[in-house]
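Hi,

Here is the structure I promised to pass on to you. Please have a look at it first, and then read my notes below.

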Amino acid sequence: MATIEGRFTEISTLRIAVVVARFNDLVTSKLLTGCLDCLERHGIDTSENSSQLDIAWVPGSFELPLVAQQLARKGSYQVIITLGAVIRGDTPHFDVVVAESSKGIASVSRETGIPIIFGVLTTDNMQQALERAGIKNNCGWNFALQALEMGSLMGEIESSKLAR
């Protein structure tokens, strides 16, 4: 029996893309800050001239899947993190954006075989979003940890000698 799991060592070769929604940037910029802090503390070069990390900004969470798909198809990244914030309003727009962004991101990940972390906050109000983006806990940190683990896990799977 083989046990394969991602590790937080030997991740210095990971190439990571982060796709961030500009809509609700009060929230998404805080998520990005937490994400970058985690990546840097785990040995990923987050400097301006980094060859390990690229950041793409999109208008909103609805556009995350398309750009994640284009980046995944380039074959340059082992993992992609999507960051967004969709806050419930008085219309059904929330439901449409959440459904399409989540389905789109999952679809791209399955289609390309590249782990794409769903870092889209879906909250009832701005207070909840801000709490998840840093007031109480920065989920951006957690999304980065997921990315590091999945990037490592996929590398382990590729290099393992599992039964074929």
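This is a predicted model: local features need pLDDT of at least 70, side-chain atom pairs count only at pLDDT 80 or more; totals for chains, interfaces and linings use all residues.

How many helices and strands does the secondary structure of the chain come to? There are 5 helices and 4 strands, where helices (H or I, at least four residues) and strands (E, at least two) are DSSP runs numbered from the N terminus.

Residues are numbered from 1 along each chain as its sequence is written, and side-chain values use heavy atoms, leaving out hydrogens and water.

Now the overall form. The C-alpha trace spans about 55 × 30 × 30 Å along its principal axes. Of the 164 residues, 44% count as buried, meaning under 20% relative accessible area, with exposed over 50% and partly exposed in between (1.4 Å probe, protein chains only).

Arg22 counts as partly exposed because its relative accessibility is 47%. Leaving aside residues up to four places away in sequence, Arg22 touches Thr28, Trp57, Val58, Pro59 and Gly60; contact means heavy atoms within 4.5 Å. Take Val58: Arg22 and Val58 are 36 residues apart in sequence, yet 5.9 Å apart in space, C-alpha to C-alpha.

Enjoy exploring!

Best wishes
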